[in-house]
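Trainee: I am new to this one. Please take me through the terms as we go.

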Amino acid sequence: MSNKKYRFQIIKDLITDQEISSQDELLKKLIDLDISVTQATLSRDLRELKVSKVPNSSGQYIYRLTENTIVAPTVTHNEQMMLVFSKNLGVIKTKPGYANRIAFEIDNTHFNTIIGTIAGDDTVLIIMKEESSREEVTNELRRIIPNINK
């Protein structure tokens with residue numbers, strides 16, 4: 001196995017098995033494993049491997065592989081989320097950094113009861129179809145957010 005392939009495999013293993021939040025932290029772990037690499041090379045490696053930063057369950061951004069990743073059918077969020085309604089609008093409050101992912105999942109699931117969403121950092125605005133009931137929207141959302149309003 002070439003040095004680059006070996007280094008790529010080690011990087012993949014490290015970011016899959018551990019929560020690493022910076023290139024400096026990853027670089028130190030590689031050095032601890034006797035893998036010599038510069039910051040510039042590590043940066044190129046991460047780009048080639050299609051590594052990106054995503055929030056973990058506590059809201060801290062960590063490295064994860066995005067290539068060949070299948071989007072999970074449910075939103076990973078360990079805490080209860082509340083959905084509150086006002087006429088044909090719904091609002092979900094969540095942890096900082098989670099709203100965009102939740103809105104993306106809602107929009108891409110193409111629910112029959114929801115027209116669309118708008119996301120901030122920790123808030124998702126849901127626009128319901130006029131003929132949809134609050135109960136129908138909540139039940140559909142539970143398919144991807146099992147802990148909503150529980």
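Mentor: The chain has 5 helices and 6 strands. Helices (H or I, at least four residues) and strands (E, at least two) are DSSP runs, numbered from the N terminus. This is a predicted model, where local features need pLDDT of at least 70, side-chain atom pairs count only at pLDDT 80 or more, and totals for chains, interfaces and linings use all residues. Residues are numbered from 1 along each chain as its sequence is written, and side-chain values use heavy atoms, with hydrogens and water left out.

Trainee: What pattern does the chain follow along the sequence?

Mentor: The pattern reads α-α-α-β-β-β-β-α-β-β-α.

Trainee: What makes D45 buried?

Mentor: Buried means under 20% relative accessible area, exposed over 50%, and partly exposed in between, using a 1.4 Å probe and protein chains only. D45 has a relative accessible area of 2%, so D45 is buried. D45 sits in helix α3.

Trainee: Which residues does D45 touch?

Mentor: Leaving out residues up to four places away in sequence, D45 touches R7, F8, I11 and V37. Contact here means heavy atoms within 4.5 Å.

Trainee: How much of the chain is buried?

Mentor: Buried residues make up 36% of the 150 residues in the chain.

Trainee: How do you know that the span of α1 is close to the expected one?

Mentor: The expected span is 1.5 Å times one less than the number of residues. Helix α1 (residues 3-17) has 15 residues. From first C-alpha to last it reaches 21 Å, close to the 21 Å expected.

Trainee: Which residues of α1 are buried, and why are they said to line one face?

Mentor: In α1, the buried residues are R7, F8, I10, I11, L14 and I15. Seen down the axis of α1, they fall within an arc of 165 degrees, so they line one face of the helix. The arc is that of the directions from the helix axis to the C-beta atoms. The face turned away from the buried side of α1 carries the exposed residues K5 and D17.

Trainee: What covers the buried residues of α1?

Mentor: The cover includes α2 (23-32), α3 (39-48), β1 (51-55) and β2 (61-65).

Trainee: What puts the buried residues of α3 on the same side?

Mentor: The buried residues of α3 are T41, L42, D45 and L46. They cover an arc of only 140 degrees around the axis, which puts them on the same side of α3. They pack against α1, α2, β1 and β2.

Trainee: And which residues of α2 are buried?

Mentor: L26, L27 and L30 are buried in α2. Their arc is 100 degrees seen down the axis, so they line one face of α2. What covers them includes α1 and α3.

Trainee: What makes S21 and Q60 a polar contact?

Mentor: A polar contact is a pair of N or O atoms within 3.5 Å; within protein, one must be able to donate a hydrogen and the other to accept it, and residues adjacent in sequence count only if both atoms are side-chain atoms. The side chains of S21 and Q60 are joined at 3.4 Å, so the pair is within the limit. S21 lies in the loop between α1 and α2. Not counting residues up to four places away in sequence, S21 touches K53, Q60, Y61, I62 and Y63.

Trainee: How do you know that K53 lies over the face of Y63?

Mentor: A charge sits over a ring if NZ of Lys or CZ of Arg is within 6 Å of the ring centre and within 35 degrees of the ring normal. K53 lies over the face of Y63, at 5.2 Å from the ring centre.
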